[in-house]
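I opened a new page for ring contacts. The sequence and the structure come first, my entries after.

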Number of protein chains: 2
Amino acid sequence: MDERVPRDFETLRATILDRRASLPKRIAQIAAYALDNPDDIAFGTAASIAASAGVQPSTLIRFAQQLGFDGFTSLQQVFRERLRERNSSYDERLAALRAKAEEGAGHRAIFDGFVAAASTSLSDISRSLNDAHFEEAIALLAKAETIYVLAKRRSYPVASYIAYALGKLKIRNQLVESAAGLNAEMIGFATPRDAVIAISFSPYAPATIEETRAIAEQGVPIVAITDSSFSPLAQFAKVWFEVAEADFGGFRSISATMALAMALTVAVGEKRREAGRRRKG
Amino acid sequence: MDERVPRDFETLRATILDRRASLPKRIAQIAAYALDNPDDIAFGTAASIAASAGVQPSTLIRFAQQLGFDGFTSLQQVFRERLRERNSSYDERLAALRAKAEEGAGHRAIFDGFVAAASTSLSDISRSLNDAHFEEAIALLAKAETIYVLAKRRSYPVASYIAYALGKLKIRNQLVESAAGLNAEMIGFATPRDAVIAISFSPYAPATIEETRAIAEQGVPIVAITDSSFSPLAQFAKVWFEVAEADFGGFRSISATMALAMALTVAVGEKRREAGRRRKG
DNA sequence: GTCAATATGAAATATTAATTCCAATCCGTA
DNA sequence: TACGGATTGGAATTAATATTTCATATTGAC
């Protein structure tokens with residue numbers, strides 16, 4: 001290995017892009033693959049990578065040698081180092097934010113704490129959301145005549161956002177909140193051709209549970225957003241989502257719930273447009 | 001490998017912590033090392049890891065087997081998968097999410113788009129929040145007798161959350177929303193010893209602007225959350241925050257605004273408790 | 001079109017690493 | 001303290017993986 005072998009990923013990347021034009025076909029093929037799938041290079045074996053890229057293992061080694069490495073193994077080190085660094089920097093950043101927040105370093109720390117909680121919640125839900133459930137919920141809501149939205153207390157802001165967004169999308173909806181105490185009557189109008197989005201987290205607001213039960217008994221299908229399979233909402237729901245929100249200082253984030261709610265709403269709008277086009281065309 | 005082998009890192013971690021007490025000495029040693037240095041497990045060889053942890057390679061394999069894996073290699077997969085998922089830096093991951101979302105790959109893409117928008121917004125505000133303004137806003141709100149909360153339409157969910165949180169913290173507040181059309185009268189009660197949190201983004205809801213103007217003319221100090229220095233709210237406010245929310249599919253995120261609102265609220269509660277202690281002590 | 005240089009594929013080989021095995025040690029119990 | 005089972009260390013074995021080699025194909029120059 002001579003002295004100008006790229007040691008870090010960025011240099012390596014630049015080197016590859018630089019020489020791209022002058023590389024033989026198969027080597028170029030591997031080069032492109034490497035830049036597109038750096039993770040595969042980091043973790044794969046020479047054989048598996050070669051197969052994925054559609055070349056022979058020996059080509060992979062030639063590629064490494066052409067870049068000045070003495071073999072595939074040393075090339076791979078660069079790709080691994082990259083993952084290590086990136087990962088630690090991300091982790092470190094969040095951890096630092098949270099650590100600072102938790103040791104209580106003034107008001108800025110409170111802010112950092114909420115940002116960290118929100119980020120964590122988002123990243124959790126992004127991993128854990130079940131695609132099939134999501135599709136099912138969309139289908140169910142898209143064919144509803146009226147969507148009833150049900151949530152109190154901490155979840156109420158989410159409900160009010162859903163109602164706002166559905167309104168913008170011209171989807172008929174009813175936020176179940178009556179200053180005049182007419183919630184029960186409002187719910188009474190719902191039919192099995194409608195649908196409900198119910199949101200509640202522990203400690204579950206009794207009114208939400210009661211209203212959800214009542215509306216479920218009328219045969220109205222329910223999509224629930226809640227925090228565990230033991231949630232009383234889960235038993236009434238056709239589809240339910242488990243959303244784990246991180247908390248800070250006793251206040252739980254609602255960013256993941258909010259993101260899910262926005263996505264549901266817009267996806268329902270989307271689905272209705274598709275259905276509309278199909279009917280017409 | 002039986003059916004309850006941990007497949008993801010978090011489950012694995014929980015399993016290890018759970019059994020920790022009952023593990024033999026050397027196995028426990030490896031277990032601790034694994035949780036402390038997950039990256040080393042992901043990248044190292046059985047021999048190198050064993051050496052770093054101060055045990056024999058065979059112990060490492062026994063550890064894996066005790067967890068239900070059929071060998072070190074399958075245990076290592078979990079640690080590698082973790083790196084892959086957390087993968088690229090924050091930015092890169094976001095870019096990937098957004099790219100996928102924008103090429104319109106179905107409903108899941110919509111969800112990913114909203115998660116990406118929320119994450120971006122959070123990371124932006126985390127960088128751009130001005131500490132001095134933040135402290136100033138907290139001071140101003142902490143000494144208010146009543147905090148009036150003013151927001152319509154898209155910002156309304158944030159306002160309702162603030163009202164909820166202030167209530168939980170036993171801070172007197174008034175959400176300016178009257179079904180009976182009595183907002184003007186409600187605002188009329190505010191005095192310079194009170195304070196206002198006003199939230200509005202372009203296109204600014206005329207009612208919010210009008211009410212903010214009215215309450216400002218009564219000499220009530222205003223903290224505004226808005227989206228640019230040209231915002232009509234900025235001119236009325238004692239302190240104002242510029243929050244840039246990313247959007248997806250025409251719907252802007254509110255996660256950054258929400259995080260700021262939560263932080264403001266809790267910080268105000270905190271400051272009041274401090275002040276209370278000082279007065280008593 | 002022919003030749004030489006270069007590139008490629010496939011299998012053989014060398015290397016490295018994971019796993020197994022067995023003897024030695026430790027630990028709790030009678 | 002003697003026994004048995006569990007745990008550990010270390011070497012032997014086996015599996016896997018990278019690398020090399022060599023025959024074949026491709027490309028470009030004359």
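**Charges over rings, then ring pairs**

I began with arginines and rings. I looked up chain A next: Arg82(A) lies over the face of Phe9(A), and the distance from the ring centre is 4.7 Å. I note here that the model is a predicted one.

I then turned to aromatic pairs. How many does the structure hold over all chains? I noted ten.

One of them joins Phe114(A) and Phe248(A).

Where do the two partners sit in chain A? I placed Phe114(A) in helix H7, residues 106-128, and Phe248(A) in strand E6, residues 247-248. They are 134 residues apart, and the pair links distant parts of the chain.

My next entry is a pair between Tyr156(A) and Tyr156(B). I noted 6.4 Å centre to centre, 85° between the planes, and an edge-to-face arrangement. This pair crosses between chains. On one side, Tyr156(A) belongs to helix H9 of chain A, residues 156-168. On the other, Tyr156(B) belongs to helix H10 of chain B, residues 156-168. I checked burial here as well: Tyr156(A) and Tyr156(B) are both buried.

Note on methods. Residues are numbered from 1 along each chain as its sequence is written. Chains are lettered from A and ligands numbered from 1 in the order in which they are written. This is a predicted model: local features need pLDDT of at least 70, side-chain atom pairs count only at pLDDT 80 or more; totals for chains, interfaces and linings use all residues. Side-chain values use heavy atoms; hydrogens and water are left out. Rings of Phe, Tyr and Trp (its six-membered ring) pair if their centres lie within 6.5 Å; planes under 30 degrees apart count as stacked, over 60 as edge-to-face and the rest as tilted. Helices (H or I, at least four residues) and strands (E, at least two) are DSSP runs, numbered from the N terminus. Buried means under 20% relative accessible area, exposed over 50%, partly exposed in between (1.4 Å probe, protein chains only). A charge sits over a ring if NZ of Lys or CZ of Arg is within 6 Å of the ring centre and within 35 degrees of the ring normal.
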